[in-house]
Amino acid sequence: MSGSPADASPPGGIDYIAEENDPKFVELKRRHRSFVLPMTVAFLVWYFAYVLLSSFATEFMATPVWGAVNVGLLLGLGQFVTTFAITMGYVSFANRRLDPVSAEIRADLEKQEASA
Amino acid sequence: MSLALQPWERVVAAATETAENNPVLNISIFGAFVAVTLFIVIRASRNNKTAADYYAAGRSFTGPQNGFAIAGDYLSAASFLGICGAIAINGYDGFLYSIGFLVAWLVALLLVAELMRNTGKFTMADVLSFRLKQGPVRMAAAITTLAVCFFYLLAQMAGAGGLVSLLLGIHEQLGQSIVIAVVGVLMIVYVLIGGMKGTTWVQIVKAFLLIGGAIVMTVWVLAINGFNFNTLLESAVAASATDPKDAILAPGLQYGKNPWDFISLAIALVLGTAGLPHVLMRFYTVPTAKEARRSVVWAIWLIGIFYLLTLVLGYGAGALVGADVIKAAPGGVNSAAPLLAQALGGPLLLGFISAVAFATILAVVAGLTITAAASFAHDIYANVVKKGNVPPDGEVKVARRTVVVIGILAVLGGIGVQGQNVAFLVALAFAVAASANLPTILYSLFWRRFTTRGAVWSMYGGLAAAIILIVLSPVFWGTETSVFKNVGTAIWPLNNPGIVSIPLGFFLGWLGSVTSTKPEDPKKAAEMDVRSLTGYGAEKAVEH
């Protein structure tokens, strides 16, 4: 456990360049990126829209909706709701669409290594 | 108006009384926390043998446990006391501030946590140097790690001094210095004996107490207001000292004068969290990427719920204690939560909340110290200086010595900055994390053509830009609250450097990469790609 990077690599015998082009892996990577990248853009846009409204549209944010509750408070609480929703959405997506494929590829790689 | 003042006066009288009478109670509750956690730390540390045990708790924590520890680490005194106080005095803007801290976790969840867990072992530099040149990248990553830890640590230690005057009634310099030293020594003991395992348990216990205390106080505040949030807001408005009174319900009181400053801060908050080295290191304490994911999910729920509670507590403190009383109390804004505890549950609840606040500082400094020590011992000593030729226990030995050195530096630094306005240090730590760390992390995980030169440029460039802009800003020059009071003028107009330094960090990473003539090893890149997504190698390697 000296911590040199060579120790971190599993023993050789695996052609990672070939593995990277394996259709199964290509599909895993596509699924992962086509979920996380657009989602990241979406929540960042929504967050900065909220920050900009709070900075430059204070009158609008102060518009009362119900009693002392105003638009700003509802949009702020909306940030909490979307954060929790994206979290749950990602977990369910990863459990259904990512984990089974990555477990399968991991098993393949372990077999390859054992036979090498 | 004179009638309305009476309850405030009672609270002021009570607060003065407390400052004289209850330090013993506060100290005993804190002492009980220390005794319990020390017992847990000693038990947990029995089989700390390897580097993986010391730095990564043997990768033995479950997702929920690690989620609590992350929440314990993340909800620092600045979050708890600072945000409650900001809401109590400035209303909506305090809430606005807290949201950035929460949304930031989505970056960690979606882009960073699992991929980091799959490709690294102990430190952030493990991931960054995976497919790039070891020496320069590790060195740069260790330097940015140490910088972030140092800024954050100094802020926490300085905060400890302020808390002491508020909670224990110790106002003289010597007494405060002694308490800072006690916090430092306790922290060294925890980290030396317990390593990552001990540190993690301290954070878990602290998160339970903090969130538990906040829930009790929230229910109490809501009960006073007939479990009607609208009534609470109305009583906060009625007690408000602002003009107009309902200004606390809308944005603008705190950040309205310079919205661009807040936007710059918001960018650093939302992008900084996933680049904080002590947060990243927590992902290595769990056995698999799936557990890393569960950790972040638990952390998001706990942190999110906690910030919702602070919304109630902040407005509650505004309504029940009053902004004027809070501002006048020793500790100022930070005293809102303790004064609210006092108003609700008397000395016992105040003592409990005070002890939690101390525990918070202790847990956060412990987490920062072990991260800095791991980075120095694992990255600089073992991999850059000794090029990986270190005897099995040599690295941990160096890490332990580093812990002592960092502890001493933190105590001296904490005493040195007493009375200084160091609130900017936390924001600076986030800005450096977002400018120097996050670009390189994302590029190395998601961009194939990223190179060593890009990494080094981005890390040093982002770090330098953040620090230089802070030094040129009103934080240092020309205003009443500057480090150099009313001296000179600030060249850079904003207190937060993020709006320039973060894009610059990303730009330099791109520029350095496209101008590189030396291509990186395509085999290593393919290996990193495959392993980061599948967990191959990382998950098996830990099953001893």
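**Chain contacts and helix packing in chain B**

In this predicted model, 57 residues of chain B are in contact with 48 residues of chain A. Seen from chain B, several helices each supply at least two residues to the side that touches chain A: H3 (51-56), H6 (92-119), H10 (229-239), H11 (259-272), H13 (289-320), H15 (336-385) and H20 (522-534). The greatest contribution comes from H6(B), with 11 residues. By class, this side of chain B divides into 36 nonpolar, 13 polar and 8 charged residues.

Turning to packing inside chain B, helices H17 (residues 424-446) and H18 (residues 452-471) have axes that come within 9 Å and cross at roughly 165°. Because angles over 145 degrees count as roughly antiparallel, H17(B) is roughly antiparallel to H18(B). Their crossing is right-handed. On the H17(B) side, the residues that meet H18(B) include B:Phe424, B:Leu428, B:Val432, B:Pro439 and B:Tyr443. H18(B) brings to this contact, among others, B:Gly454, B:Met459, B:Gly462, B:Leu463 and B:Ile470. The contact has 13 nonpolar and 6 polar residues, with no charged residues.

Helix H16 of chain B, which spans residues 394-416, is also worth a look. From first C-alpha to last, its 23 residues reach 33 Å, close to the 33 Å expected at 1.5 Å a residue. Buried positions in H16(B) include B:Glu395, B:Val396, B:Ala399, B:Thr402, B:Val403, B:Ile406, B:Ala410 and B:Gly414. An α-helix has 3.6 residues a turn, so residues three or four places apart point the same way.

Conventions:
Residues are numbered from 1 along each chain as its sequence is written. Chains are lettered from A and ligands numbered from 1 in the order in which they are written. This is a predicted model: local features need pLDDT of at least 70, side-chain atom pairs count only at pLDDT 80 or more; totals for chains, interfaces and linings use all residues. Axes are lines fitted to C-alpha atoms, for helices over the stretch in contact, and angles run from 0 to 180 degrees between N-to-C directions. Helices (H or I, at least four residues) and strands (E, at least two) are DSSP runs, numbered from the N terminus. Angles under 35 degrees count as roughly parallel, over 145 as roughly antiparallel, 65 to 115 as roughly perpendicular and the rest as oblique. A crossing is left-handed if the near helix is turned anticlockwise from the far one by less than a right angle, and right-handed if clockwise. Two residues are in contact if their C-beta atoms, placed from the backbone, lie within 7 Å. Ala, Val, Leu, Ile, Met, Phe, Trp, Tyr, Cys and Pro count as nonpolar, Asp, Glu, Lys and Arg as charged, and the others, Gly among them, as polar. The expected span of a helix is 1.5 Å times one less than its number of residues. A residue is buried if 20 or more other C-beta atoms lie within 10 Å of its own, exposed if 12 or fewer, and partly exposed in between; C-beta atoms are placed from the backbone.
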